[in-house]
Amino acid sequence: MNEVPTFVTHLECSLTGERYEADRVHNLSRAGKPLLVRYDLEALGRAVDKETLARRAPEFWRYREFLPIRRSENVVRLGEVMTPLIDLPRIAGRLSAREILVKDEGRLPTGSFKARGLALAVSMAKELGITRMAMPTNGNAGAALAAYCSRAGIETFVFCPDDTPPINVSEIALQGAETWLANGLIDDCGRVVGGGVEQMGWFDTSTLKEPYRIEGKKTMGLELAEQLGWQLPDVIFYPTGGGTGLIGMWKAFDELAAIGWIGDERPRMVAVQAAGCAPIVRAFEAGEEFAERWEGATTYAAGIRVPAAVGDFLILRAVRDSDGFAIAVDDTAIAEALAEMARVEGLLLCPEGAATYAAYKQALADGRVAPDERAVLFNCATGLKYPLPEAGRRLDLGRPVNYAALGAA
Ligand SMILES: *Cc1c(COP(=O)(O)O)cnc(C)c1O
């Protein structure tokens, strides 16, 4: 029985619009494209209002009417906090920018925003009776999958490229997944998962090959709007791998507009990629609807090392419809941005988050973003999950401490 009203009517192919029944196990549509969850938005709009929402616990489950889970007993929880919007007064001052905000997703369970998507995917898997899930991952998605599945009593198999950050591999394994390192990229690992579905009885949880991660990532857009008093920022910089979050936020804004909580205004959506793996940027610049696979992908920002995205056309549509753009930054700029943010604002970003700051500066310099635009940068994971540079100088306690020399680096 529903304990809270839910409003899912059906699922829909994101390319052809073909309808699929709700409450069934689905992967991609017959056209091989992601499925989007559709709601009775009129009924949803009547069932909840902003004031009711404001009184609920500060977690992303507060948006439950906008989510597909029918029975509360299936909600799998690890403490899904609302993430803070942190302003950057010093950096904004240096750049003469009006306002720059970082949405710090590193505070979520498992230390990344993958928790939003996987909390939804795993809760829905529980609701639909799925008992074995498999996934290719660059790290954070696998960690979130493993954690939520262990919590839900679902078995997991996770395949990582062999240069996945070691901390991710360890957390995935510790959180209960069968964990494999493969000598290939994430889409190579994806083929291993696809190939084992039948024999292993796996549910393929690859990015956008299951319909509910987008709904989880959608909560970023709902949360952002609520935190800003139902006003959207002028521009959003999003580190884009599979693009789930960008697609999800765009969907959130449409749903909010449909129920009249916001108007027609939309933020400009900026897809940020690494110069060593920028298929979306290349397609954006060439005016293409779909993106070609990026050969020889390299970047130390592992979360955006995604050579081919199933939702490429959805990312490109949102970017273009919003009057945004796609931009690439190189690893040196990413590392410098990371170091600057940590030193100046005391905020340790992940490399992918640092890429958004590097891209913001680049766009400000070349005029694609104006200093009076209110900007939101997404930091998608805690910086503590990545290898950090060696630091600290030796202090020999066998000698008297020379205090005057301590500050002279
Ligand atoms: C997954 C991931 C991304 C990319 O997110 P998408 O929504 O799949 O594009 C960016 N940064 C980090 C840290 C990630 O884990």
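Helices (H or I, at least four residues) and strands (E, at least two) are DSSP runs, numbered from the N terminus. By this numbering, Leu406 lies in the segment after β13 (374-379). The model is predicted, so local features need pLDDT of at least 70 and side-chain atom pairs count only at pLDDT 80 or more, while totals for chains, interfaces and linings use all residues. Residues are numbered from 1 along each chain as its sequence is written, and side-chain values use heavy atoms, with hydrogens and water left out.

Q: Why is Leu406 called partly exposed?
A: Buried means under 20% relative accessible area, exposed over 50%, and partly exposed in between (1.4 Å probe, protein chains only). Leu406 has 42% relative accessibility and therefore counts as partly exposed.

Q: How do you know that the length of helix α5 agrees with its number of residues?
A: The expected span of a helix is 1.5 Å times one less than its number of residues. For the 13 residues of α5 (residues 140-152) this gives 18 Å; the end C-alpha atoms are 18 Å apart, and therefore the two agree.

Q: Why is α5 described as mostly covered?
A: Eleven of its 13 residues are buried. Among them are Asn140, Leu145, Tyr148 and Cys149.

Q: What makes β7 and β8 a parallel pair?
A: Two strands pair if DSSP finds at least two bridges between them. Strand β7 (residues 155-161) and strand β8 (residues 178-182) have five bridges, in the parallel sense. Cys160 stands opposite Leu181 in β8.
The chain passes from β7 through helix α6 (residues 166-174) to β8 in a right-handed β-α-β crossover: with the strands pointing away from the viewer, the path from the first strand over the helix to the second runs clockwise.

Q: Why are β2 and β3 called edge strands?
A: The open sheet of three strands has the order β2-β1-β3, with antiparallel pairing. β2 (19-20) and β3 (35-39) each pair on one side only. Two bridges join β1 (residues 8-13) to β2, and the bridge partner of Glu12 in β2 is Arg19.
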